[in-house]
Amino acid sequence: MIQIIHEITHAIIRSNLTYDQNKAMLDTEKHYIMLQNYVQGMKAFLQETFTLNDQEALSMIFGGIGDLNNENNSTGVYVDWGNNFKKIVSSHGFSLIYGDANYYLNEIDFFKSGVKGSKNCN
Ligand SMILES: [Zn+2]
């Protein structure tokens, strides 16, 4: 489900760009726009569509965008990506340390492992 809202948000971001702008912009930059401007909208969509609490919805959103960390570090496109990502994730009450009770990917892992929700597909 998070892949769908992620792609829809990409489409929205793209609709605000010209063809040339879109072509010139890296995925990294689009994810940065997503992180800064669309987290609340994505969360609202997820919660209207599925039964998710704040932490569950945000965990899915940040998990989908967070893949970018590595990409960014390797390209150096946004030197401050990591810091901004951490700042935004932390501001929503998540920890970025694996193993913490409020680690930001915990909720996603609960769904993936079947602890929460029902599996309809793989
Ligand atoms: Zn993406």
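**Group meeting: the nonpolar core**

Let me begin with the largest nonpolar core, which has 18 residues, and in which Met42, Leu46, Ala57, Ile61, Phe62 and Val89 touch the most other members. By nonpolar core I mean a set of buried Ala, Val, Leu, Ile, Met, Phe, Trp, Tyr and Cys residues joined through C-beta atoms within 7 Å, and a residue is buried if 20 or more other C-beta atoms, placed from the backbone, lie within 10 Å of its own, exposed if 12 or fewer, and partly exposed in between. At least two residues of this core come from each of helix H3 (27-37), helix H4 (39-49), helix H5 (54-66) and helix H7 (81-91), and H5 gives the most, with six residues.

This is a predicted model, in which local features need pLDDT of at least 70 and side-chain atom pairs count only at pLDDT 80 or more, while totals for chains, interfaces and linings use all residues. Residues are numbered from 1 along each chain as its sequence is written.

Stepping back, the protein chain has eight helices and zero strands, where helices (H or I, at least four residues) and strands (E, at least two) are DSSP runs numbered from the N terminus. Of its 122 residues, 20% count as buried.

Which residues of H3 are buried? They are His31, Tyr32 and Met34, and because they cover an arc of only 160 degrees around the axis, they lie on the same side of H3; that arc is taken from the directions from the helix axis to the C-beta atoms.

Finally, leaving out residues up to four places away in sequence, Val89 touches Phe62, Phe94, Leu96 and Tyr104, a contact being two C-beta atoms, placed from the backbone, within 7 Å.
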